[in-house]
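Hi everyone, thanks for making time.

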Amino acid sequence: MDIVAILTRNYAGTQWSISGNDYATLEWYSATPKPTEAQLQAQWPAVEYSDKYEAVETTRRTQYEAQSDGLFFEWQRGTNTQAVWEAAVQAVKDANPYPPAP
């Protein structure tokens, strides 16, 4: 479990400090109640999934630019086919699958 990732994603606008990833060192400075360690553990699978999903999105975006965007414009100009472009898009998707949902 990454406590900092959970707090950053799910408790935006709150003020806190932590040493390392040790719940015992979590200092809570906000008016909202400090989440319990059990609450944070329950939130971890969704946060971890979101982080992994976003990483796949970033990788796909970079690879689309490098591998398929040019083919799209070639297809639009009539110098390549839609099938070639779609195959390049599918290759990027196949190489970078989304993580299974929690």
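Okay, let's start with helix 1, whose buried residues are Ile3, Ala5, Ile6 and Leu7. Keep in mind that this is a predicted model. Those buried residues of helix 1 pack against strand 1 (16–17), strand 2 (27–28) and helix 2. At the N-terminal end, helix 1 is capped by Asp2, with a side-chain oxygen 3.2 Å from the backbone nitrogen of Val4.

Now, which residues make up the largest nonpolar core? There are 12 in all: Ile3, Ala5, Ile6, Leu7, Tyr11, Ile18, Tyr23, Leu26, Trp28, Leu40, Trp44 and Val47. Helix 1 and helix 2 are the elements that give two or more residues to this core, and the largest share, 4 residues, comes from helix 1. As general background, nonpolar side chains in soluble globular proteins tend to be buried together. If you look at Tyr23, one of the core residues, its contacts beyond four places in sequence include Ile3, Ile18 and Leu40.

On to helix 2. It covers residues 37–67, 31 residues, and reaches 44 Å from its first C-alpha to its last, close to the 45 Å expected. Where does helix 2 bend? The bend is at Trp44, by about 40 degrees, and Pro45 follows within four residues. Trp44 is also among the buried residues of helix 2, along with Gln43, Arg60 and others. What covers the buried residues of helix 2 includes helix 1 (3–10), helix 3 (69–77) and helix 4 (82–95).

Last topic: salt bridges. How many are there? The count comes to 3. Arg9 pairs with Asp51, the closest N and O atoms being 2.6 Å apart. Arg9 lies in helix 1 and Asp51 in helix 2, so this pair ties together parts 42 residues apart in sequence. Arg9 also forms a salt bridge with Glu54, at 3.2 Å, N to O. Glu54 lies in helix 2 as well, so here the parts tied together are 45 residues apart in sequence. That links Arg9, Asp51 and Glu54 in a network. The remaining bridge is Lys52 with Glu48, at 3.7 Å; both lie in helix 2, 4 residues apart, about one turn of the helix.

That's my tour, happy to take questions.

How values were computed
Residues are numbered from 1 along each chain as its sequence is written. This is a predicted model: local features need pLDDT of at least 70, side-chain atom pairs count only at pLDDT 80 or more; totals for chains, interfaces and linings use all residues. Side-chain values use heavy atoms; hydrogens and water are left out. The expected span of a helix is 1.5 Å times one less than its number of residues. The bend at a residue is the angle between axes fitted to the seven residues ending there and the seven starting there. Buried means under 20% relative accessible area, exposed over 50%, partly exposed in between (1.4 Å probe, protein chains only). Contact means heavy atoms within 4.5 Å. A nonpolar core is a set of buried Ala, Val, Leu, Ile, Met, Phe, Trp, Tyr and Cys residues joined through side-chain atoms within 4.5 Å. A polar contact is a pair of N or O atoms within 3.5 Å; within protein, one must be able to donate a hydrogen and the other to accept it, and residues adjacent in sequence count only if both atoms are side-chain atoms. A salt bridge is a side-chain nitrogen of Lys or Arg within 4 Å of a carboxyl oxygen of Asp or Glu.
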